[in-house]
Amino acid sequence: MQTKLLQIKPNESRLSENSDIRKAGQIIRDGGLVAFPTETVYGLGANGLDPQAVKKIYQAKGRPSDNPLILHIADRSQLEQLVCCVSCKVNKLIQFFWPGPLTLVLKKKQHIPDAVTGGLDTVAVRMPSHPVALALIEAAGVPIAAPSANRSGRPSPTLVEHVIHDLQGKVEMIIDGGPCEKGIESTVLDMTADEPILLRPGGVSVEDLKRVLGMIRLDIGVDDHGERNLVGVTPRSPGMKYKHYSPDAELLIIEGESEQVREKILEIYLDSTQSPGILATQEMVDSLRGKINSRVVKVLGKRKDPDEMAARLFKLLREFDEEKVRLVLVEGLPLNGVGLAVMNRLRKAAGYRIIQV
Ligand code: TXA
Ligand code: MG
């Protein structure tokens, strides 16, 4: 398939009237696939009400069909057409966090295709804040089902180059809207019971959710310390059970007090014959300077700045592949703010190979 590449400037005025966006909307309406930027990561979109179109997403990504998709909407009024009831708590969340990186899991209306929900009686909905995403949904005139626009199992795409690498030739159109600001996927929150349950940490932090909701429960798939804790337990979010976000390199995470982590990184580095890459905070990299001579050292960001680390994470993981690194030593990071989401992705990417020091 010939993939058309479109460049759209997010700050252009009246985007929904842009003739290219209209063409993209038409592709969605006609049952095709369009990859587009959101504030979190690039998404791979199809008409969320057309089961045949949705099935194409799974094919293009190589994604297991029991892993449900998020429906993206551009207007609050679209929500009532998709879900059965919108509680006060849900309304409050919407007021605070939409448009933005919060996905709500709610009881679905009958007409939502099983292809979207993986046969569940719930559906995940989010209103992104990226102007290009909003304009595309408006132009399509339907909710857009969209997972991250990567081949299944690969790190999510935060630059259009990542999407082109994974999906060129498999989709009708890729819209280039520049780098994604957040760099990590949305927070997924199950609001189907009285007690809100966090299914996936993401761009909205647990601290911010608690400020609005009071208590929330973390699902077993969220901050587990390895698949060993998941034996015999099914996470509520089907996507959380798969190995994810993996570069080709093996990742090994070292968690603990900074000083001990530093010693352990040095020890493994000096013992290893394969010149491991290093992925760490600015502070850690500074303290290792002069002691190691690694080919590939990458700085995630300053320790106090989880947002910066989130924005760089997937891009750096993909860079290790380009540089043919086989082993990466990763510093465990603080879990505050979006740090929880960053470590969740890193632990999965590492297949839970974690050394506690
Ligand atoms: O930021 C994002 O959320 C990006 C952009 C493109 O919007 N999308 C994204 O989609 O990350 P995806 O498909 O890669 O991840 C969706 C997650 C999966 O873990 C999936 O299992 C979960 O949401 N999910 C979807 N529908 C669900 C449902 N009805 N119940 C529980 N979990 C659900
Ligand atoms: Mg994904």
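In which helix is Ala53 found? Ala53 is found in helix α2, residues 51-61; helices (H or I, at least four residues) and strands (E, at least two) are DSSP runs, numbered from the N terminus. The model is predicted: local features need pLDDT of at least 70, side-chain atom pairs count only at pLDDT 80 or more, and totals for chains, interfaces and linings use all residues. Residues are numbered from 1 along each chain as its sequence is written, chains are lettered from A and ligands numbered from 1 in the order in which they are written, and side-chain values use heavy atoms, with hydrogens and water left out.

Ala53 is buried, at 1% relative accessibility. Buried means under 20% relative accessible area, exposed over 50%, and partly exposed in between (1.4 Å probe, protein chains only). Ala53 touches Gly31, Leu33, Ala46 and Asn47, not counting residues up to four places away in sequence. Contact here means heavy atoms within 4.5 Å. Leu218 lies 165 residues from Ala53 in sequence and 33 Å from Ala53 in space, C-alpha to C-alpha.

An open sheet is formed by eleven strands. Their order is β1-β8-β2-β3-β7-β4-β6-β5-β9-β10-β11, and the pairing is mixed. Two strands pair if DSSP finds at least two bridges between them. β1 (4-7) and β11 (217-218) stand at the edges. Each has a single partner strand, so one side of each is left without a neighbour in the sheet. Helix α6 (residues 160-167) packs on the sheet and touches β1, β2 (34-36), β3 (43-47) and β8 (173-176). The direction of α6 makes about 165 degrees with that of β8. Axes are lines fitted to C-alpha atoms, for helices over the stretch in contact, and angles run from 0 to 180 degrees between N-to-C directions. Strands β5 (residues 102-107) and β9 (residues 187-190) run parallel and are joined by four bridges. Opposite Thr103 stands Val188 in β9.

Helix α8 covers residues 258-271. At 1.5 Å a residue, its 14 residues should span 20 Å; the end C-alpha atoms are 20 Å apart, which agrees. The expected span is 1.5 Å times one less than the number of residues. Val261, Arg262, Ile265, Leu266, Ile268 and Tyr269 are buried in α8. The buried residues of α8 pack against β12, β13, α9 (282-288), β15 and β16 (354-356). Glu267, also in α8, is partly exposed, with a relative accessible area of 41%. Glu267 and Val206 are 61 residues apart in sequence and 35 Å apart in space, C-alpha to C-alpha.

Helix α10 (residues 306-322) has 17 residues and should span 24 Å at 1.5 Å a residue. Its end C-alpha atoms are 25 Å apart, which agrees. A kink of about 40 degrees is centred on Leu313. The bend at a residue is the angle between axes fitted to the seven residues ending there and the seven starting there. Buried residues of α10 include Pro306, Met309, Leu313 and Phe320. The buried residues of α10 pack against α6, β12 (250-255), β13 (277-281), β14 (297-301), β15 (327-331) and α11 (339-349). Just after α10, Lys324 takes a positive phi of about 55 degrees.

The structure holds zero disulfides, a disulfide being a pair of cysteine sulfur atoms within 2.5 Å. For Cys88, the nearest cysteine sulfur is that of Cys85, 9.9 Å away. Cys88 is exposed, with a relative accessible area of 69%. Cys180 is buried, at 7%.
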